[in-house]
Structures are given as structure tokens and as C-alpha cells.
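Biologist: I have a model open and want to learn to read it. Can we go through it feature by feature?

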Amino acid sequence: MTGFVSLMACHECDLLLRVDHSFEEGVVKCPRCAAVLLKHKRHSLDLTLAYTMAGLILFAISNVFPIIGFQFERQSTETILLSGVQELLDQNMRLLAGLVFITTILAPFTLLVTLLYVFLPLKFNRIAPYTAEVFRFTSALRPWSMMEVFMLGILVSVVKLVAIATIIPGVALWSFGILIFVLAATTSSLDPDLVWEKLELTHERSN
Amino acid sequence: MNDQTNAWITAAAVGLINCHNCGLLHKVAQAHACCHRCGTPLHLRKPDSLSRTWAYLLAAYVLYIPANVLPIMVTTSLGSTQSDTILSGVSYLLVTGSWLVALVIFIASVFVPVLKLVILTYLVISVQMRSTWHPRERTRLYRLAEVMGRWSMVDIYVVTLMVALVKIQGLADIDAGSGAVAFGAVVVLTMLAAMSFDPRLIWDNAEKNHE
Ligand SMILES: [Zn+2]
Ligand SMILES: [Zn+2]
């Protein structure tokens, strides 16, 4: 991290302030509205990459294995994430199926893939083409990835169904649980400044 | 702290635009241009913030009615069908004794959407009335509305999982109801409303008062 002081504006109240970027770990908050302006973390890049890759593996496991099994007398059903979406499609609930698909599969997956696309080349001191655009897309996706809400939905469903049948927790239930924490860790270890600083350097060199 | 308040200068006041993607400052003369570090189109404030927020809010209010009146889940069991709305689902959970789950669903599906609609409506009106009242607290309200809205999706996920799991041949079958579609739309619309609202507008009014 290069030590420098820059002029910046708070994105939530537009306050203009001089910020010293040369600290290793911590956050800088806006003195007027308390929005987080800068967030530095030691080994931010390595942590972000490690969490992103762990996240992708957990995501794959969570989608391949059943979340919960439901057993009633001699009949049993199992559900993987996609089968819920499929069932909604079968019932002609296209909008609902789309909403569930985007918020629990498409958005989290794209989020992880785009993070890897942006941060992996940084590790090798390079920058991928369209990094700025891809990273902007990543930030826009964030609110639509709702894994932690889905996890709460699983827990509520289990409590509702336990009353009428036997519920068997599946592998994906555990991997989901871990994935929530990994996604949260990815967000908290990530430092967007790494991307912008690198981008600035490449611009200067090419000009 | 108080004498410092008057010394606070905004980027807009000295003719600077903040790139909302990478935070690089640009001269206002370059408006309608793109950030030369990351290429994002530059705007002094989110474009048409208030009218967009109003549009999403009004649509959310309208859909809030079918979301609560129409069933979100239809259970067919041994030839009899039972339709559940959001509220009847909560009261059913209360009767069957899982009060904790009833509370979770009540907060996520009833309390949170209403609170979010109320907060955003209040914020938009307060900006339009040029209110200078407690900008810091109103910014905090905005952040609250922004983070809590997503939790309303819980009921949608519960319906999805129930639909996928409860398929017992000839005994019980669960279908998603059209209320769930309306409710999902309310959640999405309030999220879009929160994204369109620009919290800097709260502070713009507070400043004008100082001058
Ligand atoms: Zn601020
Ligand atoms: Zn930019």
C-alpha cells in the first residue's frame, strides 16, 4: 500500500475530506454521516482470493447435493436447490422461479466468479481486461445475492415440516451454512482500493 | 463539534463530482462524461432520484394489497384444499406452537416490508419538504431500510422449499399461490426504491440552511 493523502468525497453525504491512505488495517469513517469511506486489511488480496475460491467449491457442493430429505411413511423426497426452482416452473410460476434462481444461484455464483476474475490477476501484478466494468457489475450484484436469507428459509421450512414428517439434513445443508460465513468473510476482506490503485498505475503507464 | 459543522464543505459546493464506482473526484464541467479511471458515467446526484423512488414505492404499495390478500401457498391434502395468506400462515404457526418461527415470519414478512415502505416514504417526503431535521439520523434510517429489506424474501424461500419437498402421492401436495408473486415483487420494488434514493439529498437541504 502506497502512503499518500488524497482528496475524496463521502458517497453518502458528499462531504469533501482529505484522507490518509497509509494505514495498514482499519476503517476510515465519514466524520459527518459515519459512512465507511476506506477499509484496509492486512493480506486483503490473499484473503479475498482464498475466500472466493473456498466459496466457489462450497457453492458447487451446495448445488449438487440435497439440502434436505423429507420422509413420510414409505415415501420420501429430496430437494436440491435447483429442484425447487424447477417445481415452481412446472407450476407456471415463472416470475417466482426467476426471482429464486437469481437470488440464490445466479447472483452468488456470478459474484464469486467476477471477484476471482478481478482479484486473481492482481495477485500476479496484472490487471484483467474490463476490470473496472466487471468490478462495477460485482458491486451492483451484491444486494441480489441472498444466501443468508435463503439459509433462514431452510431453517423455517425444517421447523414447519418436522411436525408432519421425518426430515433428513443433507450435505448441502452443511455446505450452505459454511458458505454463508465464507461469503461474509469475502465481503469483509475485500478492499476495492487495491483494484483502483492498480488500474490507475496501468493507466499512467499506458499514457 | 458544532463550529466544525459550518466548516464542512461538500464536493458539489466546490464543483467536484464523485465517481460512485471508484470514488475518483472530477470537475463538474465534465458532467455527462465518464470517470477517466473506471469509465462509469458521472452524476452529481443519482439521476431523477426522487421521481424514481416514488415510482417504485407507489408500485410497491399497490402490489402490497394482493401480496397480503391472495394466498401464497395452497395445500391439497386428502382431497381438501387449504389456502394460506402471509398472515394466516403466521397465525397457523402460532396455533401449532412454533411461536419463534411465527415471530421470524411475522418480522420478515409483515413488519420489515411495512417499516421499509414507511421509512422510504418519509425520507422522500422529508427531502421534498426541504427538511433540515437531523440529517445524520435520517441517513441512519436510510441504511436501516437498505439492509433489512432482503430478509423479507424468507417467506418466498419457504414456499419454494415446501413446494419442492411436500409431494406425497395422493396424500399431500403444495402449490405456490399468486400472492407469493405479488409479495416477491414488493420486495424487489422496495429494494429498487432504496437503490434509487440518494442519501446526499438529505444533506443538500441541511446545508442550504446553514448558508
Ligand atoms: Zn458522509
Ligand atoms: Zn470511477
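Biologist: Let me start with one side chain. Does A:Phe150 count as buried or exposed?

Modeller: This is a predicted model, so every value here is computed from it. Buried means under 20% relative accessible area. A:Phe150 has 1% relative accessibility, so this residue counts as buried.

Biologist: Which ring pairs with A:Phe150, and in what geometry?

Modeller: Look at two things: the distance between ring centres and the angle between planes. Planes over 60 degrees apart count as edge-to-face. The centres of A:Phe150 and B:Tyr157 lie 5.1 Å apart and their planes stand at 85°, so this pair is edge-to-face. The pair crosses between chains: A:Phe150 sits in helix α5 (residues 147-162) of chain A, and B:Tyr157 in helix α6 (residues 154-165) of chain B. B:Tyr157 is buried, with a relative accessible area of 0%.

Biologist: How many aromatic pairs does the structure hold over all chains?

Modeller: Six. One of them joins A:Phe119 and A:Phe135, edge-to-face, at 5.9 Å centre to centre and 75° between the planes. That pair links distant parts of chain A, 16 residues apart: A:Phe119 in helix α3 (residues 94-123) and A:Phe135 in helix α4 (residues 131-141). A:Phe119 is buried at 0% relative accessible area. A:Phe135 is buried at 4%.

Biologist: Which residues form one aromatic cluster with A:Phe119?

Modeller: A:Phe135 and A:Trp196.

Biologist: Now the interface. How much area do chain A and chain B bury between them?

Modeller: The general idea first. Interface size is often given as the accessible area lost when the parts come together. Here chain A and chain B bury about 5,600 Å², with 69% of it on carbon and sulfur atoms. The contact takes 62 residues from each of chain A and chain B. A:Glu12, A:Asp14 and A:Arg32 supply 13% of the area that chain A buries against chain B, more than any other three residues.

Biologist: How many salt bridges cross the interface of chain A and chain B?

Modeller: Four. A:Asp14 and B:Arg45 meet in a salt bridge through their side chains, at 2.9 Å, N to O.

Biologist: Which element gives the most to the side of chain A that touches chain B?

Modeller: α5(A), with eleven residues. By residue class, that side of chain A divides into 35 nonpolar, 15 polar and twelve charged.

How values were computed:
Residues are numbered from 1 along each chain as its sequence is written. Chains are lettered from A and ligands numbered from 1 in the order in which they are written. This is a predicted model: local features need pLDDT of at least 70, side-chain atom pairs count only at pLDDT 80 or more; totals for chains, interfaces and linings use all residues. Side-chain values use heavy atoms; hydrogens and water are left out. Rings of Phe, Tyr and Trp (its six-membered ring) pair if their centres lie within 6.5 Å; planes under 30 degrees apart count as stacked, over 60 as edge-to-face and the rest as tilted. Helices (H or I, at least four residues) and strands (E, at least two) are DSSP runs, numbered from the N terminus. Buried means under 20% relative accessible area, exposed over 50%, partly exposed in between (1.4 Å probe, protein chains only). Contact means heavy atoms within 4.5 Å. Buried area is the accessible area (1.4 Å probe) that two parts lose on being put together, summed over both. Ala, Val, Leu, Ile, Met, Phe, Trp, Tyr, Cys and Pro count as nonpolar, Asp, Glu, Lys and Arg as charged, and the others, Gly among them, as polar.
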